[in-house]
Amino acid sequence: KVDDAMKRLDGVTAGDPSAIDGENYEIPNAEQVENIVAQAILSEQERNDRERRERREKQTEERMERMRKRTMDTLTEKLKLDGQQVAKLEVVMNDADKMRQDLMTQMRKNREAGGDFDWTEMRKSFEDMGKQMDEQVAGVLRNDQRSAYDEYKSENPWGLFGGGRGMMGRGGRGGGGRGGRN
């Protein structure tokens, strides 16, 4: 839109204002030019925001994939998982990631729409997802593996989500000092 507006204005200053590029145009007044430029700027900002969000989502997915792999490698070693158990746990982890992504998308959209971002509700949702995952994992593991899994969870409060302490794990507010949020 900016390029189109500039072409229109260039044509006006270069010659006959009634015939620009062989077509007849109405010369925009100052208010119309301001509106065209404002719309172009807004469009550019929206495109930049969309691209930034897409990059962030891609980076998050790549980070989550690395954490899933690291977690699966650790669990496979510590729990001595067989191939069938690995496949089932990968499905559990992928489903949990999908639920996490959906929750984050829903909360982001709510915030962008002017709603409040409820950290307490998000923490509760993550805790509920963790409990659900623990139940699913327990259904995959043999009895002798469950105690090793419980030990893994006690060492890794985020469980199968990966991550680490201070992100919203058990026992309090996480987020590394993001002032004002509770």
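This is a predicted model: local features need pLDDT of at least 70, side-chain atom pairs count only at pLDDT 80 or more; totals for chains, interfaces and linings use all residues.
Local features need pLDDT of at least 70 and side-chain atom pairs count only at pLDDT 80 or more, while totals for chains, interfaces and linings use all residues. Residues are numbered from 1 along each chain as its sequence is written, and side-chain values use heavy atoms, with hydrogens and water left out.

Start with the fold. The protein chain has 5 helices and 0 strands. Its elements run α-α-α-α-α from the N terminus on. Helices (H or I, at least four residues) and strands (E, at least two) are DSSP runs, numbered from the N terminus. Of the 182 residues in the protein chain, 26% are buried. Buried means under 20% relative accessible area, exposed over 50%, and partly exposed in between, with a 1.4 Å probe and protein chains only. Contact means heavy atoms within 4.5 Å. Among contacts between residues at least 6 apart in sequence, 56% join residues at least 24 apart.

Now the helix pairs. Two packed helices are described by the angle between their axes and the distance between the axes. Axes are lines fitted to C-alpha atoms, for helices over the stretch in contact, and angles run from 0 to 180 degrees between N-to-C directions.

Take helix α4 (residues 119–140) and α5 first. Their axes come within 10 Å and cross at roughly 150 degrees. The two helices are therefore roughly antiparallel to each other. Angles over 145 degrees count as roughly antiparallel, under 35 as roughly parallel, 65 to 115 as roughly perpendicular, and the rest as oblique. The crossing of α4 and α5 is right-handed. That term applies if the near helix is turned clockwise from the far one by less than a right angle, and left-handed if anticlockwise. On the α4 side, Asp134, Val137, Ala138 and Gly139 make the contact; on the α5 side, Arg146, Tyr149 and Lys153 do. By class, this contact has 3 nonpolar, 1 polar and 3 charged residues. Here Ala, Val, Leu, Ile, Met, Phe, Trp, Tyr, Cys and Pro count as nonpolar, Asp, Glu, Lys and Arg as charged, and the others, Gly among them, as polar.

Look at Lys153 in helix α5. Lys153 counts as buried because its relative accessibility is 15%. Its side chain makes a polar contact of 3.1 Å with the side chain of Asp134. A polar contact is a pair of N or O atoms within 3.5 Å; within protein, one must be able to donate a hydrogen and the other to accept it, and residues adjacent in sequence count only if both atoms are side-chain atoms.

Helix α5 (residues 143–155) also packs on helix α2 (residues 30–79), at an angle of about 135 degrees with the axes 10 Å apart. α2 and α5 are therefore oblique to each other. From α2, the contact takes in Thr71, Thr74, Leu75, Lys78 and Leu79; from α5, Gln145, Ala148, Tyr149, Tyr152 and Glu155. These residues divide into 5 nonpolar, 3 polar and 2 charged.

Stay on α2 for Arg68. Arg68 counts as buried, at 10% relative accessibility. Its side chain joins that of Glu61 in a polar contact of 3.1 Å, and that of Glu65 in one of 2.3 Å. Leaving aside neighbours within four places in sequence, Arg68 is in contact with Glu61, Met93, Asn94 and Asp97.

End on helix α3 (residues 83–112), where Met104 lies. Met104 counts as partly exposed, at 32% relative accessibility. Not counting residues up to four places away in sequence, Met104 touches Met122 and Phe126. Met104 and Met122 are 18 residues apart in sequence and 8.5 Å apart in space, C-alpha to C-alpha.
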